Each structure stands twice: as structure tokens, then as C-alpha cells.
Amino acid sequence: MSRPHGPAAALPGQAESYWMATAPATPLPTLTADTEVDVAVIGGGIAGLSTAWELIEAGRSVAVLEADRIAAGVTGYTTAKVSALHTLVYDRLRRTRGAQGARLYARSQQEAVERVAEVASALGVDCDLERRPAFTYVTDPAGQKAVQAEAEAAREAGLAASYVEETELPFPVAGAVRVENQAQFHPRKYLLALAEDLRERGGHLYEHTRVTGLTEGTPCRVTTENDTVVTARDVVVATHYPVFDRALLFTRLSPRRELVVAAVIPAGDDPGGMYITEEDNKRSVRTAPYGDGQRLLIVTGESFTPGTGDIAQRYEALADWTRAHFAGAEIVHHWAAQDNDSTDTVPLVGPFHPGARHTYVATGFGGWGMSGGVMAGRLIADLISDGAPSWAHLYDPRRLWSTVREAPGFLKHQAVVGRHFVGDRLRPTHVDSVEEITPGTGALVRTGGERCAVYRHDDGTLRAVSARCTHLGCLVAFNAVERTWECPCHGSRFDTDGSVLQGPATRPLDGRAIEEE
């Protein structure tokens, strides 16, 4: 039987996203009274704020409802690349969607890159926007053919792409796709400026306003956890992972979590671009401005399903890789990010479900939410305004023509969910007694015929909650580094007191009474 480890070893640097640590908090009100607007946008990340801003541009009244703080969820923990090069997507797209599908994807994503630059300039915001080339690379010669094919497909799709075997990385590569004129920025500085402009132009932004209900109709009604109601002609669900299951999109989305370390390096060691590889369980590299003569190196990787694996060990592996490849790198921050992959590669943006008339969704960005969120904002604003770009059908969540193509990914995802839903119940309980739980750790304990998720605070006191995720009932697992309960089925995350940190769950884990034995 497995036993809980002691508290996770101290990791280097501040346990906070650099973006969160270097942009001011901007407290916004909580919705306390019923209100009526043209469009209610649920979610205050890049997709939600971009959608709201585009709708304000189109002359609509808008209310943004954010469960926590705006630009502080997934968006606040991104690597913040704004790029149309999404690892190895174009070769796959031309095989599954045809050359025209690949071209439409490239156009929509590159237009999103340019839209960020255009809006930042128009608002006069200093968001550390830098134009850089983007690379997908391999170090193993066995991967050369894949990146060569991707370079060719990306070029055919209309991007300024080329195949290269030399980069400015401090280690050799076997081959890489290079795409010119991409971008990187400080996401919170950009989005807080967007939010300020929204408010100045009559938009309504509410924080700590968790939405728990949606009644579709003419008009629609959105209900919050404190029973306030927003009445709107149209509703946009931009909560990263949709918080409503009526479209069954959870069957087409796979959550994954990745770790990030940020280290100070001399400006002369800047590799001069944005890099990513699927090798070594993924490695993503970029830099950001960081004082005179320095750059902040941001390295992402170690993909894993929430609620699984030894997180401290993964952090150590990522930190070791960073130090080995960038001599003298001093790690000053570490954090984690979460993404959702659609089973057919392409994000799901458009009408919420086949019967939807006034509800829309944006999800499944697969780790490319900066360009994807901006693209989604433009697309949904156009749909609400009775228009549609030429690439709208590519992202339509109602698409049935991709069912056969996405079947392998769909079945794989369902198998993983089923394995956790059934298998986690058949395995022995993690510990026999709460006495085995050391301070700063958590484990599942069976008590009174029920599995409870029990956490022991540093002072030795216990906190017990139900071990069943309030989304669809999978058993949660403890993340010893972030001290959270995580659902491996659909990615919901909860604090040790059971409160919701990340959806799709909207209800907390119920408290349970438990005592020392």
C-alpha cells in the first residue's frame, strides 16, 4: 500500500507566477444586484476579456463575471507566447482538414498575433511586447522528418516558415521549424489595460462572482452563487474548461498540467526566440525583459494529468534541465499552468451546442491560449454581431465532420477517464489512518464507509472534505507541492478547505467531520 510522503522539499525561487508578481492587483466589485446587459461573458481570462473588448468595440453592453480575479487564472500562469506556430499542428491539419483547413487555421492565428500588437498600440500599453521568431525543434535526428514536414506545411498554410538546423539555443538541434514575426508579452499588463479600457467605455467587470446556473432563452439568465441574476440576450462561456455540461464538451477535452521555472540570465545569453519541443516530456523556452543587462528565462515542461505523479520530482527535473542547458541560470520563480486539449487538435469556439441560439463557448486551446483566446474573442463577437470570418466553421464546436477523425483521441481520453473513475475506487485507500498523514500533506482515508480527502495543516490540525469531485464524481488526489486536491478526470482543482480553485466544478467539496484515532 502506498504511503504519503512528507511535505514537498523546498523548491528554488518564489512560488508565484512572474506575471502575477509583477502586475498590480486591481480589485473589482462583486456582483450584488441583478443586472441586464446585451452580453454576459463568463470568465475573465484572455478569451473572456478579449471577447468583451471586441463586443464593446461593436457597440454592445457587456458584463464580465469572473469567479476569482480577472487575468489571474490560467491566463496569469501562462508562458505568454503569442504565436501561430503550435508545435507540429500544420502537417496534421493538412492531412485531417486539407490544405484549405490548414490555411484558415494559420490565417486566424496569425491575425490574432497582429491583433494583440494593434490593440496594445492603440491603448498605449507597455506590456513588454516583443516580436520574435518562433521555433519547434528536435535534438534527436529521428525527428527531423517531422519538423521538415511541419515547415513545409506551415509555409503552404501561409506562414513565413522555414526549416533550419541552426538556432541561438546554447545546445545543438537536429532540425527546427522557424516562423518569423511572432510575439511575446506580459499577459497581465496587456489584459489589465484591456479591462481598464472596457470599464472606461461602460463595460461591467465583476470579480469573486462565481456563475452556477444558465437558463437559455430569449433572453438568457445567468445565476451566480449568491443568487444574483444577469439577464442578457447572449451569453459567452469562456471559463477555460466549460462550467456547464449540457454540450458534453468534457468528453472532448483532456486536461493537462505543466510546470514552469523562471531564471535570471545575462542578456547576452538570450536565445533570441521562442522555442518548443515535445522531447523530454516537453520543453518550452522564451525570455522576458528583466532589468539592465538581464533577461528572465522562462522554461515550461513536465506535462502530466492533474492529480497524478510526483510533482516535486518533476520540478526538480525541469530545474535540472534548465541549469544544465543555461549555465549560471538563477531560478527566481516557479509555478504551474493548466491547459485543455481538444480530441481533434482544433479549439472549440462558437455556438455552445447544436440547439444554441444565444450561447457561445471558447475552450480547448491546447496550450496556445494567448493567440487562441484573442482569435476566440474576434470570432464570437462577429457571430453575435451576425457576421462570421471565413474560418468560423473550422472551430465550430458542433462540427460533426471531425467525429471520425477525432475518434482515436476521443476513445483514448474516455479510457483515461474511465480508468480513474473506476480504477481509483478499486485501489486500496491511500492510508489506513489519519495518524499516517504528516503535517503539510494530504491523503485519502476511508472513514464511516466513505473516502475522505484529509489534509494536515502545518500546526497538526486536520481538515477533511469529501474525496469525490463535485463535477462528475471522480476521486481527487493530493498535489503535495501546491497543496491542492486535483481531479484526474477533468482537471478540477480544490483548496484544502474544499473551495473551488479551477473548474469545471462549480461547487466545493463538502466538509467532513474527522478526528484523530
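Cys474 and Cys489 are joined in a disulfide, with 2.0 Å between their sulfur atoms; the term denotes a pair of cysteine sulfur atoms within 2.5 Å. In general, a disulfide is a covalent bond between the sulfur atoms of two cysteines. The structure is a predicted model, in which local features need pLDDT of at least 70 and side-chain atom pairs count only at pLDDT 80 or more, while totals for chains, interfaces and linings use all residues. Residues are numbered from 1 along each chain as its sequence is written, and side-chain values use heavy atoms, with hydrogens and water left out.

**Cysteines**

A search of the whole structure finds 1 disulfide. The angle about the S-S bond of Cys474 and Cys489 is -90°, and the link is left-handed. This pair connects distant parts of the chain: Cys474 lies in the loop between strand 20 (462-466) and strand 21 (477-479), and Cys489 in the loop between strand 22 (484-486) and strand 23 (493-494), 15 residues apart. Strands (E, at least two residues) and helices (H or I, at least four) are DSSP runs, numbered from the N terminus. Both Cys474 and Cys489 are buried, where buried means under 20% relative accessible area, exposed over 50% and partly exposed in between (1.4 Å probe, protein chains only).

Cys452 is buried, at 2% relative accessibility. Cys127 also counts as buried, because its relative accessibility is 1%.

**Aromatic pairs**

The whole structure holds 11 aromatic pairs. Rings of Phe, Tyr and Trp (its six-membered ring) pair if their centres lie within 6.5 Å; planes under 30 degrees apart count as stacked, over 60 as edge-to-face and the rest as tilted. Two of the pairs involve Phe171, as tabulated here.

| Pair | Centre to centre | Angle between planes | Class |
|---|---|---|---|
| Tyr137 and Phe171 | 5.9 Å | 55° | tilted |
| Phe171 and Trp321 | 6.0 Å | 80° | edge-to-face |

Tyr137 belongs to strand 4 (residues 130-138) and Phe171 to the loop between strand 5 (161-164) and strand 6 (175-184), 34 residues apart. Trp321 lies in helix 7 (residues 311-325), so its pairing with Phe171 ties together parts that are 150 residues apart in sequence. Tyr137 is buried at 2% relative accessible area; Phe171 is buried at 12%, and Trp321 is buried at 9%.

Elsewhere, Tyr90, Tyr105, Trp391 and Tyr395 are linked into a cluster by ring pairs.
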